[in-house]
Amino acid sequence: MTSYRRWLGIAIAGGSAAALLSSCTFPVRFATPAEVAQATNPTPATILAPPAPAAPPGGLTQIQAELRQLIAQVGPSVVRVDAGAASGSGLLLDATGTVVTPASLVTGSQQVTITTASGQHYTGTVSGSDAGTDVAVIRATGASGLTPAAFGDSAGVQVGDVVVAIGNQVAPSGTASQGIVSGTAGTLTSDAQTLTGLIQTTAPMAAGTSGSALVNIAGQVIGMTTLGASGAPTAAVAIPSNQLNTVAQRLIAGGGTTQGTAHLGVATTNAPNGGALIQSVITGGPAARAGMQAGWTIIGIGGQSVSNSAVVAQILAAYKPGQSVVVTLRLPNGSTRSIPVVLGP
């Protein structure tokens, strides 16, 4: 009886609800098949990636800013040199347009075109060159107010030093590459020349980059890059700034063209205890004629101390072939010996 009353109550309530709905006059619309499909299979919402976070201070952002500042600082001191079909760079030695550049870049040219980073054009005359060190000096006509390069002491360069090679900054052909010093006694050999005592670097070199400024993190020029007489990129090397300045000043003072600077006729590397260890002696060369031997270490030339292999070429850059100089050596047994040597061409 209780169940029956409960059922009867539900039926009465249902009947009342039906009667109420039948009395309503608003229209009734059923969902379309498309709306049913949309409701049962909703399109996934597009998920947007979060915005990129702002670059944090320091880190790569700081390095990038410092590199840009370094290039902007050194750029005005690096000029473009066009010598016929060859082109490269040069470094300003003074405000009146005296430029030092690789001799291999201007070989066969008496006049060249110099373009500054600001776009000024000058006619330049090759006033002196030295094929033995691959250094030449150009004088621009009518130039003034230019920015000379700030040179550093290449004798203090060490393996692992961070360096930047900065070529002419004339838009759009300006170049720059970064690396470290990978050696201080590099050699560049071609059919026309053999250069020794060079700074080796991992900074990439390409055609047209000969004569670029190799600078340290202080913006000081510690070398000038060269691709040698072939003009093709091989080992990335630079003529040390001390040697560069010595030869350039000699050429400025005397002018003219030389076929080579003085040399000893030895191949050297850095000695573990300081000095330049002789790896080999050229048969019939100056050192061989003086009795020098492989395994001996050069510790002095002409009264100047030799701390590493690169210093040998820097000191000899001040001498001419045929001059005599006293070379001080440390022998394997620890003793020292001083030998006069007539330098060769």
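User: Which residues make the nonpolar surface patch of about 270 Å²?
Analyst: Val162, Ile180 and Ile217 make it. Patch residues have over 30% relative accessible area and no salt bridge, with like charges joined within 9 Å and nonpolar side chains (Val, Leu, Ile, Met, Phe, Trp, Tyr) within 5 Å. This is a predicted model, where local features need pLDDT of at least 70 and side-chain atom pairs pLDDT 80 or more, while totals for chains, interfaces and linings use all residues. Residues are numbered from 1 along each chain as its sequence is written, and side-chain values use heavy atoms, without hydrogens and water.

User: Where does isoleucine 217 lie?
Analyst: Isoleucine 217 is in the loop between strand E10 (213-215) and strand E11 (221-226). Helices (H or I, at least four residues) and strands (E, at least two) are DSSP runs, numbered from the N terminus.

User: And is isoleucine 217 exposed or buried?
Analyst: Isoleucine 217 is exposed, at 70% relative accessibility. Buried means under 20% relative accessible area, exposed over 50%, and partly exposed in between (1.4 Å probe, protein chains only).

User: Switching to charges, how many salt bridges are there?
Analyst: The whole structure has two salt bridges (a side-chain nitrogen of Lys or Arg within 4 Å of a carboxyl oxygen of Asp or Glu). One joins arginine 80 and aspartate 82, at 2.9 Å from N to O. Arginine 80 is partly exposed, with 22% relative accessible area, and aspartate 82 is partly exposed at 22% as well.

User: What does aspartate 130 pair with?
Analyst: Aspartate 130 forms a salt bridge with arginine 250, and their closest N and O atoms are 2.9 Å apart. Aspartate 130 belongs to strand E5 (residues 121-130) and arginine 250 to helix H5 (residues 241-254), so the pair ties together parts that are 120 residues apart in sequence.

User: Are aspartate 130 and arginine 250 buried or exposed?
Analyst: Both aspartate 130 and arginine 250 are buried.

User: OK, helices. Why is helix H7 largely enclosed?
Analyst: Eight of the eight residues of H7 (residues 309-316) are buried, so the rest of the structure largely encloses this helix. Among the buried residues are Ser309, Val312, Gln314 and Leu316.

User: Now the overall picture: how many helices and strands?
Analyst: The protein has seven helices and 19 strands. It has 345 residues, and 40% of them are buried.

User: What share of the contacts links residues 24 or more positions apart?
Analyst: Such pairs account for 57% of the contacts (heavy atoms within 4.5 Å) with a separation of 6 or more.

User: What about the accessible surface?
Analyst: The accessible surface is about 17,600 Å², with 58% belonging to carbon and sulfur atoms. Accessible areas come from the Shrake-Rupley method with a 1.4 Å probe; for residues, only the protein chains shown count as cover.
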